[in-house]
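I opened this notebook to record what I looked up in one structure. The entries follow the order in which I consulted it.

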Amino acid sequence: MSDLFRLIDAHGHELARADTISYFRAVAADLEPGRYTIQEVVADSLGHEHNIRHWGTIRHLEDGTIVLHPDEPADS
């Protein structure tokens, strides 16, 4: 389980951090239409980020629709 998620724009800038993915729906609704990346951040007990992985994307469509696209889990 992740400690934190972050929302990244197309230029690589962090826009928001949250402990749930659902929070980004409201954030994306206030942003310009486009595609944004969601990253999962795992930190140690001191809060140091150790692992960052791509969780998926969120799209804000021109008509105002917000669509989440989680990555498919890797086959073992």
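The entries below go from the overall layout to single residues.

**Entry 1. Basis.** I worked from a predicted model, in which local features need pLDDT of at least 70 and side-chain atom pairs count only at pLDDT 80 or more, while totals for chains, interfaces and linings use all residues. Residues are numbered from 1 along each chain as its sequence is written, and side-chain values use heavy atoms, with hydrogens and water left out.

**Entry 2. Layout.** I looked up the secondary structure and found one helix and five strands in the chain. Helices (H or I, at least four residues) and strands (E, at least two) are taken as DSSP runs and numbered from the N terminus. Read from the N terminus, the order of the elements is β-β-α-β-β-β. I noted that buried residues make up 32% of the 76 residues; buried means under 20% relative accessible area, exposed over 50%, and partly exposed in between, with a 1.4 Å probe and protein chains only. I then turned to contacts, which are heavy atoms within 4.5 Å. Of those between residues at least 6 apart in sequence, 38% join residues at least 24 apart.

Entry 3. I found strand β1 (residues 4-8) paired with strand β2 (residues 14-18) in the antiparallel sense, over four bridges. Two strands pair if DSSP finds at least two bridges between them. In this pairing I8 stands opposite E14 of β2. Five residues lie between the strands of the hairpin, and G12 takes a positive phi near 85°.

**Entry 4. Salt bridges.** I applied the rule that a side-chain nitrogen of Lys or Arg lies within 4 Å of a carboxyl oxygen of Asp or Glu. The count came to three salt bridges. E14 takes part in a salt bridge with R6, with the closest N and O atoms 3.4 Å apart, and in another with R17, where the closest N and O atoms are 2.6 Å apart. I therefore recorded R6, E14 and R17 as linked in a network of salt bridges. I also checked accessibility: R6 is buried at 14%, E14 is partly exposed at 36%, and R17 is partly exposed at 36%.

The side chains of E40 and R53 also meet in a salt bridge, at 2.4 Å from N to O. E40 lies in strand β3 and R53 in strand β4, so this pair ties together parts that are 13 residues apart in sequence. E40 counts as buried at 13% relative accessibility, whereas R53 is partly exposed at 43%.

**Entry 5. Nonpolar core.** Which residues have the most contacts inside the largest nonpolar core? I found 13 residues in this core, and those with the most contacts inside it are F5, L7, F24, I38 and I58. The elements that give two or more residues to it are β1, β2, α1 (23-29), β3 (34-43) and β4. The largest share, three residues, comes from α1. Such a core is a set of buried Ala, Val, Leu, Ile, Met, Phe, Trp, Tyr and Cys residues joined through side-chain atoms within 4.5 Å. I then listed the neighbours of F5, leaving aside those within four places in sequence: its contacts include F24, I38 and W55, and also A16, A18 and I21.

**Entry 6. Aromatic pair.** I found one aromatic pair in the structure. The ring centres of Y23 and F24 are 5.9 Å apart and the planes stand at 65°, so the pair is edge-to-face. Rings of Phe, Tyr and Trp (its six-membered ring) pair if their centres lie within 6.5 Å, with planes under 30 degrees apart counted as stacked, over 60 as edge-to-face and the rest as tilted. F24 is buried, with a relative accessible area of 0%, whereas Y23 is partly exposed at 42%.

**Entry 7. Two residues of β4.** I looked up H60, which is placed in strand β4 (residues 49-60). H60 is buried, with a relative accessible area of 10%. Its side chain reaches the backbone oxygen of A28 at 2.9 Å. Beyond its neighbours within four places in sequence, H60 is in contact with residues including A28, A29, L31 and I66.

N51 also lies in strand β4. The C-alpha atoms of N51 and V41 are separated by 5.8 Å, the two residues being 10 residues apart along the chain. Leaving aside neighbours within four places in sequence, I found N51 in contact with E40, V41 and V42.

Definitions and conventions: Polar contact = N/O pair within 3.5 Å; in protein donor to acceptor, adjacent residues only side chain to side chain.
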